[in-house]
Amino acid sequence: MKWFLRKITNGLTAVNNYLIAFGALGLFAIAFIDSALIPLPGGTDAVFMLLAVANPARLPLYMIAGIAGSTGGCVVLYYISRQAGGRALDKFTPAKRDRVKRWLDRYDVMSVLVAAILPPPFPFKLFVITAGVFRLNVIHFAVAVAIGRTFRFGLEGFLAIRYGAQAKEVLKLYYPYIGLGAAIMIILIFVVKNLLRRKNGAAVVESS
């Protein structure tokens, strides 16, 4: 079994290394595959930063490729989960499933946006699968993923240009705090927006 898993890992690493040679197109493919179903060794973030450090002038192109590939892959996984229904969640523990479902019930696609920003090991795929199973609006879902990935790749691109080969270490050190701060800010905006909406609704009722 270990031998089989090692062969799969080596094969996926070879695919990843092969695709990197195609630049932005390869990054799109890696982001799509990694988001849709099969996690590739190193992940999209590492490949994006590697390309950005090697060729900063093409950063906008790499961002577009990463965002489009990641969003497209997530939409595919969303539809696969939508077709599979509750079976798509069987591999996750009941505690994790319930926690994510509560987030989706409370914050809707806003929770997907937060999950798209936060770095691994945050279980982003669980949010994507749960969104598909419970049929969140697919357009709102895709927009949330795209915005989250734009923030993430934008920050990684800035670090790649600013710190060069050391960008990966800087990201590892500071991104958890930056991602968490951004997530908290988004949640606060959502909460304040809802409070204002309720307040305005109450004022309309009283005036009538």
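**Helix α7 and its surroundings**

The axes of α5 and α7 come within 10 Å and cross at roughly 65°, where axes are lines fitted to C-alpha atoms over the stretch in contact and angles run from 0 to 180 degrees between N-to-C directions. That makes α5 roughly perpendicular to α7, because angles of 65 to 115 degrees count as such. The model is predicted, with local features needing pLDDT of at least 70 and side-chain atom pairs pLDDT 80 or more, while totals for chains, interfaces and linings use all residues. Residues are numbered from 1 along each chain, and side-chain values use heavy atoms, without hydrogens and water.

**α5 with α7**
- Lys-96, Val-100, Trp-103 and Leu-104 of α5 make the contact (heavy atoms within 4.5 Å) with Leu-126, Phe-127, Thr-130 and Ala-131 of α7.
- By class, six of these residues are nonpolar, one is polar and one is charged.

**α4 with α7**
- Helix α4 (residues 59-84) packs against α7 at about 50°, with the axes 7 Å apart.
- That makes α4 oblique to α7.
- On the α4 side, the contact residues include Cys-74, Leu-77 and Tyr-78, and on the α7 side they include Phe-124, Val-128 and Ile-129.
- This contact of α4 with α7 has eight nonpolar, two polar and two charged residues.

**Second largest pocket**
- The volume of the second largest pocket is about 200 Å³.
- Of its 14 lining residues, Arg-99, Trp-103, Phe-122, Pro-123 and Phe-127 are the closest to the centre.
- Helices α5 (94-107), α7 (124-133) and α9 (167-207) each give two or more residues to the lining.
- The lining has twelve nonpolar, no polar and two charged residues.

Key. 1 Å grid on protein atoms, 1.4 Å probe; cavity = no way out; pocket = protein on both sides within 12 Å on 5 of 7 lines; lining within 4 Å. Points joined across faces, edges and corners; volume = space filled by probe spheres on them. Helix = DSSP H or I, 4+ residues; strand = E, 2+ residues; numbered from the N terminus. Nonpolar A, V, L, I, M, F, W, Y, C, P; charged D, E, K, R; others polar. Parallel < 35°, antiparallel > 145°, perpendicular 65-115°, else oblique.
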